[in-house]
Amino acid sequence: MEFSLLGAAALAVAGVYSALRWEAARGNAGDCTADLWDIAVAALTVGLVIGRLTAMIAAGVNPLSSPGDIAIVRSGVDTAFASLAALGTIGWLGRREVVAIMDGLAVAALAGLAGWHAGCLVRGACLGTITDLPWAMTQPGSSTGRHPVELYAAVAYVAAVAALATLRRYRPPPPGLAAGLALLVAGAVRLATEPLRLSLAGGPVLWYLAAIVVGGTGAVVAIRRPR
Amino acid sequence: MVATGPVPFGLTRTGAWILVALLAIVACGAERVDASSVPPLPETSPQDLADRIATSGTPVVVNVWASWCIPCRSEAPLLAAAAEQFAGEVGFIGLNVRDSQQGARSFIAEFFPDAPIVHVFDAGGDVPLALGASRAVPITIFVSASGVPHRIRTGVLDERTLALEIDELLVGG
């Protein structure tokens, strides 16, 4: 049995939980009455299931005739549909205060992404394209240096978490700005690191661009809207 | 104006949506292909497999699979896509083990109908041992162009891992 993927997922969940606890202790989500942890868990679960089902259907595997395959998450989860499903779940569960909930989850979502990408160290899946930079990493038994591209993404997300948490702590942003910035950062980090990743089909670049556009637009609207 | 009346057949609105989603999944699922279009798999042996690898002239990915293996079904679309993408650069051999011809042919018809993968049949399941692998399924063995097993991955492959190992093979020549 292979538990490395579970280890990486545990790091992601730990990132979400820690960020929510950290923000709650500082009153950063004071304008939100919903239980953010419950909503985060529901969004993660729904996103994972929908992303897995979508990946199976895209690969030509019928989930009803091969139900056992749903549990084999390693075979692929469609990132775009998982994200849409997670966002849809948040929107549905928090429809009475959706902007406040999105803002409340923004830092936690980025922390979760940081944990997931750092989990490459557990999964043994940090490496990307070839490089001779001093910090290049190699596979066991290989002398080919490669970009630790997943660690680049993890570091970028950690920096974004620190910046956004500081903003929310010391200069409370207008409603919707944190959520917009988080979506923009999530797309931008993936887009920036995609050329360094190894992939068979190429990453969902259009979806990353869509996240940047939607997140950026949301941030601009939040800033310009009168408070 | 939003309709607020009862949904037919005693379903709640949420139940109706779930039913619609399930029907959509069924509609989107793959249809089974007739296995009679797939010829019987040739029997292989450690020597036969070594000869196939040696004569390929390229790095080779040997995937050990069986039709009764659920994880094998799950990673099959990925291998088929990789075989098509790297056709001519990397050879792909499907080593079917501890299976029946009928089961293997049905599996190929469903998951590898057009993929450039050479499938061979090992009823006893001992051939992977000759390459240094175990009797587990699935296993993927990455063999360099010189015929030396470069890495053995046990369990389901993910896309990044498969892309990385193929890149390692191509870099290593």
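Helix 6 of chain B (residues 159-172) has 14 residues and reaches 20 Å from its first C-alpha to its last, close to the 20 Å expected at 1.5 Å a residue. The expected span is 1.5 Å times one less than the number of residues. Helices (H or I, at least four residues) and strands (E, at least two) are DSSP runs, numbered from the N terminus.

This is a predicted model, in which local features need pLDDT of at least 70, side-chain atom pairs count only at pLDDT 80 or more, and totals for chains, interfaces and linings use all residues. Residues are numbered from 1 along each chain as its sequence is written, while chains are lettered from A and ligands numbered from 1 in the order in which they are written.

Helix 6 of chain B is largely enclosed by the rest of the structure, because 10 of its 14 residues are buried. Buried means that 20 or more other C-beta atoms, placed from the backbone, lie within 10 Å of the residue's own. Among these buried residues are B:L162, B:L164 and B:I166.

Chain B as a whole has six helices and five strands, and 39% of its 173 residues are buried.

Chain B also touches chain A: 28 residues of chain B are in contact (C-beta atoms, placed from the backbone, within 7 Å) with 28 residues of chain A. Helix 3 of chain B gives the largest share of that side, 10 residues.

Methods:
A residue is buried if 20 or more other C-beta atoms lie within 10 Å of its own, exposed if 12 or fewer, and partly exposed in between; C-beta atoms are placed from the backbone. Two residues are in contact if their C-beta atoms, placed from the backbone, lie within 7 Å.
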